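Open the model in your viewer and keep the sequence panel beside it. This tour goes from one selection to the next and says what is there.

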Amino acid sequence: MTELTITAEPGVPQVLTERTFDAPKDLVFRAFTEPDLLVQWLGPRQYTMTIDRYEVRDGGTYRYVHADDAGNAFGFHGVFHGEPSPDGWVQTFEFEGAPGNVSMDTLTLEERDGTTTVRTNSLFQSVEARDAMVNSGMADGMNQGYDRLEELLGTLVPNR
């Protein structure tokens, strides 16, 4: 398992992330696009995820909610742009707790020797919006989610 790298250059409204998983690209793509798999890994461990809709297609929308044991709920939604493929996709992302702060996220999947590197490029409307996302605990949430993804992929990869 590799570590997640997060790059947020000063003064640039962008966050770049990268992590490599010990699984082929087709399985990583499935984990990102199949709702029954997505709910098993996306987000921090202390939250339960429910999906209202997840239409992985050009113009398709999504909305999901993370909830904790105390009854707090955190909704997220967006739109897929272009036709998602195992090579990657583009989508908007909006946290419903900060309406109007939308990022444009590009995700790419690159396979090499049976491992897949997941890269994201998130463009924000301002440096302030980017900083708010970074300061919200983004790194911890992504690390926990990607650790959970690594565990899930371990159950899906044949002979591992």
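This is a predicted model: local features need pLDDT of at least 70, side-chain atom pairs count only at pLDDT 80 or more; totals for chains, interfaces and linings use all residues.

Select α1, residues 25–33, and α4, residues 138–156. How do they lie relative to each other? Their axes cross at roughly 125°. Angles over 145 degrees would count as roughly antiparallel, and 65 to 115 as roughly perpendicular. α1 and α4 are therefore oblique to each other. The axes come within 11 Å. The crossing of α1 and α4 is right-handed.

Now show the side chains where the two helices meet. On the α1 side, pick Leu27, Val28, Ala31 and Phe32. On the α4 side, pick Tyr146, Leu149, Leu152, Leu153 and Leu156. What kinds of residues make up this contact of α1 with α4? There are 9 nonpolar residues, no polar ones and no charged ones.

Stay with α1 and colour by accessibility. How many of its 9 residues are buried? The count is 7, so α1 is mostly covered. Lys25, Leu27, Val28, Phe29, Ala31, Phe32 and Thr33 are the buried ones. Leu27, Val28, Ala31 and Phe32 also belong to the contact with α4.

Next, go to strand β6, residues 88–95, and select Gln91. Is Gln91 buried or exposed? Its relative accessible area is 15%. The cut-off for buried is under 20%, so Gln91 counts as buried. Look for Tyr62 beside it: the side chains of Gln91 and Tyr62 make a polar contact at 3.2 Å. Then widen the selection around Gln91. Setting aside neighbours within four places in sequence, Gln91 is in contact with Tyr62, Val79, Phe80, His81, Ser103, Met104 and Asp105.

Move on to the loop between β6 and β7, where you will find Ala98. Ala98 has 27% relative accessibility and counts as partly exposed.

For the last stop, select the loop between β7 (102–112) and β8 (115–123). Asp113 is in this loop. Check its backbone: phi is positive, about 55°, although Asp113 is not a glycine. Is Asp113 buried or exposed? At 78% relative accessibility, Asp113 counts as exposed.

Conventions
Residues are numbered from 1 along each chain as its sequence is written. Side-chain values use heavy atoms; hydrogens and water are left out. Axes are lines fitted to C-alpha atoms, for helices over the stretch in contact, and angles run from 0 to 180 degrees between N-to-C directions. Helices (H or I, at least four residues) and strands (E, at least two) are DSSP runs, numbered from the N terminus. Angles under 35 degrees count as roughly parallel, over 145 as roughly antiparallel, 65 to 115 as roughly perpendicular and the rest as oblique. A crossing is left-handed if the near helix is turned anticlockwise from the far one by less than a right angle, and right-handed if clockwise. Contact means heavy atoms within 4.5 Å. Ala, Val, Leu, Ile, Met, Phe, Trp, Tyr, Cys and Pro count as nonpolar, Asp, Glu, Lys and Arg as charged, and the others, Gly among them, as polar. Buried means under 20% relative accessible area, exposed over 50%, partly exposed in between (1.4 Å probe, protein chains only). A polar contact is a pair of N or O atoms within 3.5 Å; within protein, one must be able to donate a hydrogen and the other to accept it, and residues adjacent in sequence count only if both atoms are side-chain atoms.
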